[in-house]
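Q: Could you take a close look at one part of this model for me? I'd like to hear about the salt bridges and the charged surface.

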Amino acid sequence: MTREEALEILGLEPNAPLHEARSAYRRLSKFYHPDKNGAPNAAAMFRIINEAWEFIEEEIAKEAVQRKVERKKAEAEAAREHAEAAHQRAKEAERAAKEAEYAAEANQQEVEVEDKKSTSYIGWFVFLLIFGIGRSLISGESWDIVLIVRIILVSVIGAGILTGIAKLYKWIKNKLF
């Protein structure tokens, strides 16, 4: 028996939806039930109607299973796409974190180099020592132990002051900006 034949037995068009078959079956089974209908062909018609209804019930069950399978497939596909998108976002976040880490390391290295340049005590000391010697040579002062000690002392103290000022400037700059 085919679907179209079963629907035709129940008095429905071949393309009728299956949910209409239940009401047609109930109506026909009441009419052809052997206890209610005394016609000689009522029992045979009742059996044929029941067979048609059993076929339709199987079709309804198959369609329900098929819809459930399709829904599960769609849910699985949606879950897979969601997981894939989450994985992609995690990769992008990891890549961004690595880039930020590299940028922070590069920035820290630049800051350290800049700090070394501007806050180097030895650099300031050498600069002031050369400046003091040059000043003494230009002014024509006589070279004695007092001049040498004075140049060294001024260079030591000046280097400490300038290094402190440079570090203070860096600290303020980092705090404000």
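A: Let's start with how patches are put together: they're made of residues with over 30% relative accessible area and no salt bridge, with like charges joined within 9 Å and nonpolar side chains (Val, Leu, Ile, Met, Phe, Trp, Tyr) within 5 Å. A salt bridge here is a side-chain nitrogen of Lys or Arg within 4 Å of a carboxyl oxygen of Asp or Glu. Keep in mind that this is a predicted model, where local features need pLDDT of at least 70 and side-chain atom pairs count only at pLDDT 80 or more, while totals for chains, interfaces and linings use all residues. Residues are numbered from 1 along each chain as its sequence is written, and side-chain values use heavy atoms, with hydrogens and water left out.

Arg22, Arg26, Lys30 and Lys36 form a positive surface patch. Lys and Arg are what count as positive, Asp and Glu as negative, and His and the chain ends aren't counted. Lysine 30 sits in helix H2, residues 19-32; helices are DSSP runs (H or I, at least four residues) numbered from the N terminus.

Now the salt bridges, eight by this rule. Arg3, Glu63 and Arg67 are linked in a network of them. Arginine 3 meets glutamate 63 at 3.1 Å, N to O, and that pair ties together distant parts of the chain, helix H1 and helix H3, 60 residues apart. Glutamate 63 also pairs with arginine 67, at 4.0 Å, N to O; these two both lie in helix H3, four residues apart, about one turn of the helix.

Key. Areas by Shrake-Rupley, 256 points an atom, 1.4 Å probe, with all protein chains shown as cover. Charge placed at Lys NZ, Arg CZ, Asp CG, Glu CD.
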